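Subject: Structure handover

Hello,

Here is the structure I promised to pass on. Please load it first, then read my notes below.

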Amino acid sequence: MSQLQRIAIAPSQFQQGQIVLTKEQLHYLVRVLRLREGDRFIAMDGVGKWWLAQLAGEQAEVLEALLVETELPVSITLIMALPKGNGFDEVVRACTELGVACIAPVLSDRTLLHPSPQKLERWRRIAAEAAEQSERSFVPTILEPVAFNTAVTTNLATHRYICEARGEYPYLSKVLTDISGEIIIATGPEGGWTTKELENAIASGFQPVSLGRRILRAVTAPIVALSLIMAASEV
Ligand code: SAH
């Protein structure tokens, strides 16, 4: 099945056993991928479903629903203070590959970048492409950027962690025992969190954790955090 081409569709395109293709999708399937009448491909709706489909005229017939088991057993939300430049692009891509469910970009006291609305579109596109390439059944949700303090008070999950580069905090890998359900993890900007931000997060139920003795770059920290959670949650 894996050698079949995959395309992303909107859930609404699946109608009564058929996939109503858009002009762009048809162009992509026929002109770019060179599929012919009767050829098979996989359609993914980004919200948990994969379909084996067959090109039939300008539409596609759905042959069967496919079982995909590439999602993590836990749901991870990454709160990340926006880094400089295009650093967030790489974070979205890598964390999607690692299985993140939701990414909440935040503006913190030391955030230098204030993103344009086009950025959000771009990140969502990157997440969709990365989910497709990693054969995930869900495309992670990328939320609109909000203030860090808003994010920590509105995101409620059983397990809440904030990564802090300095201080004597327990290793994330050590506190990740017996995890299930939802996990939220926050990582800071190049300049780190302010004391007040850390205090606010702790007051909102976030446990400060370490990712090791070295100071990681803002764009490396979330990738390390996600890898540790992945390793602890998947058998
Ligand atoms: N300039 C800051 C470091 C910022 S690193 C300083 O010198 O203190 C950017 C972010 O990555 C931090 O806010 C933290 O969330 C995360 N991070 C980097 N290294 C880390 C480590 N060893 N443990 C936990 N978090 C870390």
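The salt-bridge count in this predicted model comes to 4. The closest N and O atoms of E135 and R6 are 3.0 Å apart. That is inside the 4 Å cut-off for a salt bridge.

Now the domains. The chain splits into domain 1, residues 6-66, and domain 2, residues 75-233. Their centres, taken over C-alpha atoms, lie 33 Å apart. Domain 1 puts 9 residues into the contact, and domain 2 puts in 7.

How much area do domain 1 and domain 2 bury between them? The figure is about 640 Å². Carbon and sulfur atoms carry 51% of that area. On the domain 1 side, the residues that lose the most area to domain 2 are R6, G46 and W50. Together these three account for 64% of what that side buries.

Next, the polar side of the interface. The rule finds 1 salt bridge across the interface of domain 1 and domain 2. Between the two domains there are 5 residue pairs in polar contact, with both residues at pLDDT 80 or more. Strand β1 (residues 6-8) supplies 3 residues, the largest share of the domain 1 side that touches domain 2. By class, that side has 5 nonpolar, 2 polar and 2 charged residues.

Last, the ligand. Which residues come nearest to the ligand? There are 20 residues around it, and C163, R166, E190, L211 and R214 come nearest.

- E190: a backbone N or O atom lies 2.8 Å from a nitrogen atom of the ligand.
- G212: a polar backbone atom is 2.9 Å from a ligand nitrogen.
- E164: a polar backbone atom is 3.5 Å from a ligand nitrogen.

Best wishes

Notes:
Residues are numbered from 1 along each chain as its sequence is written. This is a predicted model: local features need pLDDT of at least 70, side-chain atom pairs count only at pLDDT 80 or more; totals for chains, interfaces and linings use all residues. Side-chain values use heavy atoms; hydrogens and water are left out. Domain bounds come from an automatic or database domain assignment. Contact means heavy atoms within 4.5 Å. Buried area is the accessible area (1.4 Å probe) that two parts lose on being put together, summed over both. A salt bridge is a side-chain nitrogen of Lys or Arg within 4 Å of a carboxyl oxygen of Asp or Glu. A polar contact is a pair of N or O atoms within 3.5 Å; within protein, one must be able to donate a hydrogen and the other to accept it, and residues adjacent in sequence count only if both atoms are side-chain atoms. Helices (H or I, at least four residues) and strands (E, at least two) are DSSP runs, numbered from the N terminus. Ala, Val, Leu, Ile, Met, Phe, Trp, Tyr, Cys and Pro count as nonpolar, Asp, Glu, Lys and Arg as charged, and the others, Gly among them, as polar. A residue is near a molecule or strand if one of its heavy atoms lies within 4 Å of it.
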